[in-house]
Amino acid sequence: MAAERNPRTRRLRLGMIGGGEGSLIGRGHRYAARLDDSFDLVAGAFSATAARSVASGEALGLPADRVYADWRHMLSQEQALSADERIDAVAIVTPNHVHCEQAIACLEAGFHVICDKPLGVDLAEALRLEAVARESGRVFVLTHNYSGYPLARHAREMISRGDIGTIRIVQVEYVQDWLSKPIEKAGHKQAVWRQDPGKAGPGGALGDIGTHAYQLASFMTGLHADEIFADLSSFVDGRALDDNANVLLRFGSFAKGMLWVSQVAPGNENALRIRIFGSEGSIAWAQEEPNRLSYSRLGEPECIITRASAAVGRDGNYATRVPPGHPEGWIEGFAQIYSDAAEVITAQMEGRAANPGAILLPTVQDGIKGMQFVLASVQSHRSGQWVRTSDIEAGGCVTPQSFDS
């Protein structure tokens, strides 16, 4: 059963950078922002092209004076409005290479930020953004939306209270097939920038969806990899970035992990799956069947926990909207991140503690860990050696290069 949430004194006013006409991720963010009555989209600079931004704003029904041809102009104009009219937060849904600059500008202008991952294209950018976020005192949220699913949160709660014992093995994979052919050569917009090192950063599939898999594993277990050994591939000729990665993970001195990420695996649409094995049992969850969680105690039959059932605890119920048997999925996971962000922002405005269920949202620290994961994987692939994530520093960022298949 859904948990009670703090009542909203008002919807927060949201501005958006990017996410204009034809943008799947922009549409997803807008749906998510409204689903729980947390935000009203009132302004935006929806494209790097002025005409497209204006057209996108008109299509969304926004007043002409709140649709901006340039995101910098949006920030300056919104700052000039009265406190009861200007935006409270900005959603950033642009390609990777401009996240850092835009997020820093938003924070320095006094706005809270909800940013699509990653933080930027290298660790130096991520660390600079972290410093600005800390100094600004504003809320910064990274939209790793899979950690917003109810049963992902329930799995975390089960593991943290010791239901599977001491964690031994973590197996996680995120595999797709949409880049099995060189569609970037035909001008496919989403494929083009994801295979451009200057816009995507040093990781291809690794940075695009591998960071989601890594963040989910860390979220559920509370562990981050200390050491990484990676084998990266570019199976499609001519690609500058990986389209497949096999990564071994060492979590401290005991737990081990395996992460497989691919965008060239025919028969897979959006197959994010995780299995976590402990000394007393195991948990398994798949994003494409998000309302079922497998739980096995050593020596006992498998138990299937369904979303919103009597077995689900506080954190899973806090992220639940509808009764048992009614599926929740991708949009709701995104909406949970937005709902959490709204609760944390509102709590800060009102000078109170945020609801405990809301503080599970991904932050700038998750973004830094994700960047270290990508860079350590690339460095390991090139050196053929284990790489400690703590050795990845801002000055040691790697430059992209083609990978042998």
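Trainee: Hi! Is Leu248 buried or partly exposed?

Mentor: Leu248 is partly exposed, with a relative accessible area of 38%. Keep in mind that this is a predicted model.

Trainee: Where does Leu248 lie?

Mentor: Leu248 lies in strand β8, which covers residues 244–251. Together with Ile169 and Met258, Leu248 makes a nonpolar surface patch of about 220 Å².

Trainee: New topic, then. How many disulfides are there?

Mentor: A search of the whole structure finds 0 disulfides.

Trainee: Okay, charges now. How many salt bridges does the structure hold?

Mentor: The structure holds 24 salt bridges. One of them pairs Asp88 with Arg13, with the closest N and O atoms 4.0 Å apart. This pair links distant parts of the chain, 75 residues apart: Asp88 is in the loop between α3 and β3, and Arg13 is in strand β1.

Trainee: Are those two buried or exposed?

Mentor: Asp88 counts as buried at 8% relative accessibility, and Arg13 counts as buried at 13%.

Trainee: What about Arg194 and Asp208?

Mentor: Their side chains meet in a salt bridge, 2.9 Å from N to O. Arg194 lies in helix α7 and Asp208 in helix α9, so this pair ties together parts that are 14 residues apart in sequence. Both Arg194 and Asp208 are buried.

Trainee: Which residue does Arg239 pair with?

Mentor: Arg239 forms a salt bridge with Asp243, where the closest N and O atoms are 3.0 Å apart. Both Arg239 and Asp243 are buried. There is also a network: salt bridges with shared partners join Arg11, Arg34, Asp37 and Asp40.

Trainee: Which backbone nitrogens lie 2.9 Å from a polar atom of the Asp242 side chain?

Mentor: The backbone nitrogen of Gly204 lies 2.9 Å from a polar atom of that side chain. For Leu206, the backbone nitrogen lies 2.9 Å from a polar atom of the Asp242 side chain.

Technical notes:
Residues are numbered from 1 along each chain as its sequence is written. This is a predicted model: local features need pLDDT of at least 70, side-chain atom pairs count only at pLDDT 80 or more; totals for chains, interfaces and linings use all residues. Side-chain values use heavy atoms; hydrogens and water are left out. Patches are made of residues with over 30% relative accessible area and no salt bridge: like charges are joined within 9 Å, nonpolar side chains (Val, Leu, Ile, Met, Phe, Trp, Tyr) within 5 Å. Accessible areas come from the Shrake-Rupley method with a 1.4 Å probe; for residues, only the protein chains shown count as cover. Helices (H or I, at least four residues) and strands (E, at least two) are DSSP runs, numbered from the N terminus. Buried means under 20% relative accessible area, exposed over 50%, partly exposed in between (1.4 Å probe, protein chains only). A disulfide is a pair of cysteine sulfur atoms within 2.5 Å. A polar contact is a pair of N or O atoms within 3.5 Å; within protein, one must be able to donate a hydrogen and the other to accept it, and residues adjacent in sequence count only if both atoms are side-chain atoms.
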